[in-house]
Amino acid sequence: MELLNYVLNNPDNIIRLLIEHLQITGTAIITAIVIGVPLGIIITRYKRLANPILAIANIFQTIPSIAFFGILIPFMGIGKKTAILVLFLYALLPIVKNTFTGINEVSPSMIDAGRGMGMTNFQILRMVELPQSLAVIMAGVRIATVINIGTTTIAAYIGAGGLGELIFIGIQLYRNEMILAGAIPAALLAVLADKLLGYVEFKLTPKGLKNKK
Amino acid sequence: MKGIDSIKLVAFFDRAMNLHSSILFYEKSKYLVRKIEDKPINLIIMRGGFLLISFKNVTKKFGDFIAVNNLTVDFKSGETVVLIGPSGCGKTTTLRMINRLIEPTGGSIYVNDVDTSKIDPVELRRNMGYVIQQIGLFPHMSIAQNVGLVPYLKDWDASKRKERVEELLEFVGMSPSKFYDRYPNELSGGQQQRIGVARALAADPEIILMDEPFGALDPITRATLQDELLQMQDKLGKTIIFVTHDMDEALKLADKIAIMKDGEVLQFDSPEYILRNPANEFVEDFIGKDRLLKRPEYINVKDIMIKNPVSIRPERTLTQALEKMRLHKVDSLMVIDESGNFIGLATSNDVLENFGNGKTVSEIISTEFTHVTEGANVSQVLSIMAQEQVGYIPVLDDNNNLSGLITRSSLVNVLGRS
């Protein structure tokens, strides 16, 4: 009941924080896609770079989020920028790794067929490798997004805003309804994002690759 | 037949015109074909006449491993050349050097006298058909997209592409209305490879490279597709370079076979010639010694005929003829004159019918007979026997002299042995 009252009394605030939450996550993810997918492609072409780059991305992923924020605050201060940078670095690994794996797993005979038909390198990428690895790349985006929605909640701790704000303030004020007003939408957001991206992933899978046993 | 000739003619004109220019390939103009089809121009000579692909001292090394060693060989236009050999013999490398999927370490490859290393490889490949083993089709593209791929790469407009795709699907026996929008994973292996062949034909290339295209198919489907390829080749007369490790496939499809080992061509000749005259022991082992006997078209009549068939002179009496039949336990006699010329047959029926009326053999011989020459093969003999319903066929030499006789039982002996 208290939760319902709180929500009804502060709809603007909750919606504002929800949008902020989405903005933070979205910016980080979109940046990670824009940089991560090409990076993933590049390391399939220059295999020597693959291990070092994946290792670095792996390190970012391993650092606990609070510690990561802590490391960056002395250099970047608190706030959205720092949060987005950390979230971006987190999202990088699944996206780069899945792009790399997805393209690498395209069968050499496919590439050979494409080249033998007279495709240029770029056409092979665009017409053979990307369509065939799209589902795997999207799976990476999906994982990154779900993780980031969660981590964005923690980013409120360093003043980035988002639904985490309600949770942290709620904890400080011992107000459960406030905690829940932040936690429930954040959880729902993650679940919805997962479902939505799962659908996108399915839609993007070329028809001929679906329902393969 | 007219169709092939006109296509060949167009190819001929284009080649003649382009021989010294950098334009290497022809785009067959439908207008030109139609114009020529109106006139019965016999151009059978075109087939197999042209030098098309020419390897000059081509070597390919992978590190220290010599995959192809100083190869010099010419493939002629309109021929199906099968490259065969044990794995690692360099046959696939040789094939892939033609469309520059592999670059030679040394030497040059010419197509219509143009050095391929001077041609943009992408352009080169778009003008050669390429069929690879197993899943060469793109699973994420529909059948129509797969077949129309090279036309798409060559920027044909959509309506022309659609027309060509439908034409090709029809050509490989797959109804366009049924398969146009399907995907490769909805097709059987045989159907997929049919689409693979259609795709290679899409831009109507003169040269088609096939790298063990039927290797992954079950034997029955494989045989069907081989037959279809032969039929296709009769219609289109493309230059096909075909890699396989299956000798039966090679013998079935090839106009010429190149047997390779350790990066070298040991023998390059027609299947028949190779079967008769293997260059060395390796080739002999590779073809398999028993193959010669397995295939009736490679067994010479001369080698299996009865050398001294029971014969009789025309002036002999019927009594003598009958006595001779009894003695040798045969039911017919070859009638020859003094110089050995074959005149005809005297069968026991004819002899018995006329027995007692004082005739000589010359009066009762049947001169309507089918004969074969010493150079004929058993396959021909079998089909004559089936068609004419005869049990024996005389074999004559060039001077019309009787040199032997083929009977059913002599055939059974030979064919049964293998």
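How many of the six residues of S9(B) are buried? Five of them are, so S9(B) is largely enclosed by the rest of the structure; buried here means 20 or more other C-beta atoms within 10 Å of a residue's own, exposed means 12 or fewer, and partly exposed is anything in between, with C-beta atoms placed from the backbone.

Some housekeeping before the points. This is a predicted model, where local features need pLDDT of at least 70 and side-chain atom pairs count only at pLDDT 80 or more, while totals for chains, interfaces and linings use all residues. Residues are numbered from 1 along each chain as its sequence is written, and chains are lettered from A and ligands numbered from 1 in the order in which they are written.

1. The six-stranded sheet. Chain B has an open sheet of six strands, ordered S6-S7-S8-S3-S9-S10, with mixed pairing. Strands are DSSP runs of E with at least two residues, helices are runs of H or I with at least four, and both are numbered from the N terminus; two strands pair if DSSP finds at least two bridges between them. At the edges stand S6 (128-131) and S10 (264-269) of chain B, each with a single partner strand, so one side of each has no neighbour in the sheet. On average, neighbouring strands here are turned by 15° against each other, direction ignored.

2. S9(B) and its partners. On one pairing, S3 (residues 80-84) of chain B runs parallel to S9 (residues 256-261) of chain B, joined by four bridges. Look for B:Val82 opposite B:Ile257 and for B:Leu83 with B:Ala258 as its bridge partner. The pairing of S9(B) with S10(B) is antiparallel and has five bridges, with B:Met260 partnered by B:Val265. S9(B) and S10(B) make a hairpin with two residues between them, and B:Asp262 in the turn has a positive phi of about 45°.

3. A helix across that sheet. H3 (residues 91-98) of chain B lies across S3, S7 (207-211), S8 (239-244) and S9 of chain B, running at about 150° to S8(B). For angles, axes are lines fitted to C-alpha atoms (for helices, over the stretch in contact), and values run from 0 to 180 degrees between N-to-C directions.

4. The three-stranded sheet. Chain B also has an open sheet in the order S11-S12-S13, again with mixed pairing. Its edge strands are S11 (311-312) and S13 (342-347) of chain B, each pairing on one side only. S11(B) runs parallel to S12 (residues 332-336) of chain B over two bridges, and B:Ile312 stands opposite B:Val335. H16 (residues 318-328) of chain B packs on this sheet, touching S11, S12 and S13 of chain B, and its direction makes about 125° with that of S12(B).

5. The chain A to chain B contact. This takes 19 residues from chain A and 21 residues from chain B, where contact means C-beta atoms, placed from the backbone, within 7 Å. On the chain A side, the elements giving two or more residues are H6 (108-117) and H7 (121-155) of chain A, and H6(A) has the largest share, seven residues. That side divides into eight nonpolar, seven polar and four charged residues. Nonpolar covers Ala, Val, Leu, Ile, Met, Phe, Trp, Tyr, Cys and Pro, charged covers Asp, Glu, Lys and Arg, and the others, Gly among them, are polar.

6. A helix pair in chain A. H4 (residues 65-76) and H5 (residues 80-104) of chain A pack at about 130°, with their axes 10 Å apart. That makes H4(A) oblique to H5(A) (under 35 degrees is roughly parallel, over 145 roughly antiparallel, 65 to 115 roughly perpendicular, the rest oblique). Among the residues making the contact are A:Phe68, A:Phe69 and A:Leu72 of H4(A) and A:Leu85 and A:Val86 of H5(A). By class, the contact has seven nonpolar, two polar and one charged residues.

7. Two positive phi values to check. A:Tyr174, not a glycine, has a positive phi of about 55°. A:Tyr174 sits in the loop between H8 (164-172) and H9 (176-204) of chain A, and is exposed, with 8 other C-beta atoms within 10 Å. In chain B, B:Asn70 has a positive phi near 50°. B:Asn70 lies in S2 (residues 65-76) of chain B and is partly exposed, with 14 C-beta neighbours inside 10 Å.

How values were computed: Two residues are in contact if their C-beta atoms, placed from the backbone, lie within 7 Å.
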